[in-house]
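Please look through the sequence and the model below before reading on.

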Amino acid sequence: MDYIAVLLTGGEATRLRPLSVEFSKGLIPFLNRPMLFYALDRLCEIGIKNVVVVVRSPEEVIEIEALDISDFPITLNAVIQPVPSGPADAVAQIPNEVIRGKHIVVVATDSLLLGGDLSVDIECWKESGAQAWLPLAYTDRPKDMGIAQLEGQNIVSFVEKPREPLSNLACVGWWMLSPDAVDRILDEPISNVKGELEISGTLSAMIQEGKHIGGREFDGKWLDTGSIKSLLFAQSQILDHLGDKNLISPDAEIYRCQIGKNVVVGEDCVLNGAILENVLVSPGAKINNVRYDGAVITPSGKIGRPL
């Protein structure tokens with residue numbers, strides 16, 4: 001199969017303010033790497049080398065083109081979604097000659113998968129002949145997610161934010177789409193009440209029409225980073241996974257500070273007299289005589305707190 005990956009980094013990311021004011025969504029620092037690099041890690045594991053990033057503006061295209069991706073055996077291009085009109089609309093910004101007739105993997109870059117083996121999903125998808133495939137994960141908030149009902153590896157129901165969920169298995173923000181599913185999303189996408197064009201809603205309509213959509217429960221851990229609260233939690237989970245208490249850039253300058261658990265300090269930071277726990281300090285930030293437990297700090301020094 002000829003695969004293309006589409007990374008979704010558009011949208012307003014209001015729950016990540018003030019980080020999303022000073023960083024493009026895909027370039028928000030996470031453990032001192034751009035957020036989208038974690039998606040690139042997983043895509044390289046399954047052999048996908050052609051990647052398109054959907055961004056918000058020409059300025060963000062320049063930022064993507066300036067990234068050092070020498071560690072990734074990929075080609076990386078960017079297209080603009082000028083108005084945040086949903087994931088299906090984001091896919092539609094890619095030229096037809098690039099994605100028509102291709103198998104594509106669409107990834108929400110604020111959705112991180114820790115551990116597990118996505119190659120199993122790729123192989124199951126190939127063997128099943130399904131028009132689309134969804135890795136799924138347990139959630140304790142099914143009314144806030146896209147929820148699938150599985151019979152074996154067949155998804156028989158898929159509803160976005162259901163009032164009465166039929167399961168606790170949620171879409172993890174990875175959509176694996178065959179050429180037929182791509183055509184449907186481009187030609188007849190389903191819109192939600194906000195007028196946004198949905199991938200999940202379109203797949204739900206395909207299921208109702210009897211189309212074969214497959215999936216399985218992902219065998220790793222799913223981490224959402226779409227809010228400050230969930231970003232800091234995901235940071236703690238990955239630090240734990242790595243066996244680290246915190247992560248400090250070697251060129252950060254730290255004087256008379258107490259650095260507790262789950263603290264990440266970026267490059268070129270200067271910290272003086274700070275007491276920190278459960279904190280993300282963005283590259284270039286300078287802070288003096290502060291105490292934070294649960295916060296993100298932008299390069300300009302703005303503070304974001306979990307809601």
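Is E60 buried or exposed? With a relative accessible area of 7%, E60 is buried, since the cut-off for that word is under 20%. The model described here is a predicted one, and the values in this report should be read with that in mind.

**Salt bridges**

The side chain of E60 meets that of R56 in a salt bridge, with 2.8 Å from N to O. R56, for its part, is partly exposed at 23% relative accessibility, whereas E60 is buried. A search of the whole structure finds 12 salt bridges, and the table sets out three of them.

| Pair | Distance between N and O |
|---|---|
| R56 and E60 | 2.8 Å |
| R42 and E45 | 2.9 Å |
| R100 and D187 | 2.8 Å |

The pair of R42 and E45 belongs to helix α2, where the two residues lie three places apart, about one turn of the helix. R42 counts as buried, at 7% relative accessibility.

The closest N and O atoms of D187 and R100 are 2.8 Å apart in their salt bridge. Because D187 lies in helix α7 (residues 179-187) and R100 in the loop between α5 and β6, this pair ties together parts that are 87 residues apart in sequence. D187 is partly exposed, with a relative accessible area of 47%, and R100 is also partly exposed, at 29%. Through salt bridges that share partners, R100, D183 and D187 are joined into one network.

Helix α2, which spans residues 36-45, is mostly covered, for seven of its 10 residues are buried. These buried residues are L36, F37, Y38, A39, L40, R42 and L43, so the list includes R42, a partner in the salt bridge with E45 described above. After α2 comes G47, whose phi is positive, near 80°.

In α7, the buried residues include P179, V182 and L186, along with A181, R184 and I185. The buried residues of this helix pack against a number of other elements, namely the helices α4 (87-92), α5 and α8 (199-208) and the strands β6, β8 (132-138) and β12 (174-177).

Which residues does K102 touch, leaving aside its neighbours within four places in sequence? K102 is in contact with D2, I4, E97, L177, S178, P179 and V182. Of these contacts, P179 and V182 are among the buried residues of α7. K102 itself lies in the loop between α5 (96-99) and β6 (103-108), and it counts as buried, at 18% relative accessibility.

L67 is placed in the loop between α3 (58-65) and β5 (75-80), and with a relative accessible area of 18% it is buried. Not counting residues up to four places away in sequence, L67 touches L27, P34, L36, F37 and L76; among them, L36 and F37 are buried residues of α2. L67 and P34 are 33 residues apart along the chain, and their C-alpha atoms are separated by 9.2 Å.

**Backbone details**

Most residues other than glycine have a negative phi, and most peptide bonds are trans. Against this background, a few places in the model deserve attention. The peptide bond that joins R17 and P18 is cis, with omega at about 5°, and P18 is found in the loop between β1 (3-8) and α1 (19-22).

L31, a residue other than glycine, has a positive phi near 50°. L31 sits in the loop between β2 (29-30) and β3 (33-34), where it counts as buried at 7% relative accessibility. R256 is not a glycine either, and its phi is positive at about 50°. R256 lies in the loop between β18 and β19 (258-259), and it counts as exposed, at 64% relative accessibility.

**A charged patch**

Where does negative charge gather on the surface? A patch of negative charge is formed there by D251, E253, E267 and D268. One of these residues, E253, is found in strand β18 (residues 253-255), and with a relative accessible area of 38% E253 is partly exposed.

Notes
Residues numbered from 1 in each chain as written. Predicted model: local features only at pLDDT ≥ 70, side-chain atom pairs only at ≥ 80, totals over all residues. Heavy atoms only, no water. Helix = DSSP H or I, 4+ residues; strand = E, 2+ residues; numbered from the N terminus. Buried < 20%, exposed > 50% of the residue type's maximum accessible area, 1.4 Å probe, protein only. Contact = heavy atoms within 4.5 Å. Patch = residues over 30% accessible without salt bridge, like charges linked within 9 Å, V, L, I, M, F, W, Y side chains within 5 Å. Areas by Shrake-Rupley, 256 points an atom, 1.4 Å probe, with all protein chains shown as cover. Salt bridge = Lys/Arg side-chain N within 4 Å of Asp/Glu carboxyl O. Lys, Arg positive; Asp, Glu negative; His and termini not counted. Charge placed at Lys NZ, Arg CZ, Asp CG, Glu CD.
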